[in-house]
Amino acid sequence: MNVMTYKGYSARIAFDAEDEIFFGNLAGIADVVGFHAESVDELKQAFHEAVDDYVETCRKLGREPHKSYSGKMMFRVDPDVHARAAKAAELSGKSLNQWAEEVLGKAAGDTA
């Protein structure tokens, strides 16, 4: 995975072979903000401009630029994974929620 980071904002980068351009979208925001370029140097510049423009637009509109999250996550996993996670949580002396928050936090921190 190719990720760019600037001023606390991140974007996943991809390459479109048909159009021969690099492109990306800002992650973790409520709006869709994309950018593209034909070279890596141009892509970095386009990414920085997209972040700066987004932050300035939010400031002008008086709104928070980051997406807010409720803290509630609901997802399905294989029953065997559920059982192993519950056992790992119990053995670590934590509730499944506490254990999952810790594990997800570590995993998300490694990619941010």
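1. In this predicted model, the N-terminal end of helix H2 is capped by Asp78, one of whose side-chain oxygens lies 2.8 Å from the backbone nitrogen of Asp80. Helix H2 itself covers residues 79–91, that is 13 residues, and spans 18 Å from its first C-alpha to its last, close to the 18 Å expected at 1.5 Å a residue. After H2 comes Gly93, which has a positive phi, near 75°.

2. Turning to the sheet, four strands form an open arrangement in the order E1-E2-E3-E4, and their pairing is antiparallel. Strand E1 (2–6) and strand E4 are the edge strands, each of them pairing on one side only. On average, neighbouring strands of this sheet are turned by 30° against each other, when direction is ignored.

3. The pairing of E1 with E2 is antiparallel and rests on five bridges, and within this part of the sheet Tyr6 stands opposite Tyr9, a residue of E2.

4. Strand E2 (residues 9–16) is joined in turn to strand E3 (residues 21–27) by seven bridges, again with the two strands running antiparallel; Ile13, for example, has Gly24 of E3 as its bridge partner. The hairpin that E2 and E3 make has four residues between the strands, and in this hairpin Glu20 adopts a positive phi near 55°.

5. Six residues lie between the strands in the hairpin of E3 and E4, where Gly28 takes a positive phi near 80°.

6. As for open space, which residues lie nearest the centre of the largest pocket? They are Phe75, Leu96, Asn97, Ala100 and Leu104, out of a lining of 15 residues, and the space in this pocket comes to about 550 Å³.

How values were computed: Residues numbered from 1 in each chain as written. Predicted model: local features only at pLDDT ≥ 70, side-chain atom pairs only at ≥ 80, totals over all residues. Heavy atoms only, no water. Pairing = 2+ DSSP bridges. Expected span 1.5 Å × (residues − 1). Polar contact = N/O pair within 3.5 Å; in protein donor to acceptor, adjacent residues only side chain to side chain. 1 Å grid on protein atoms, 1.4 Å probe; cavity = no way out; pocket = protein on both sides within 12 Å on 5 of 7 lines; lining within 4 Å. Points joined across faces, edges and corners; volume = space filled by probe spheres on them. Axes fitted to C-alpha atoms, helices over the stretch in contact; angles between N-to-C directions.
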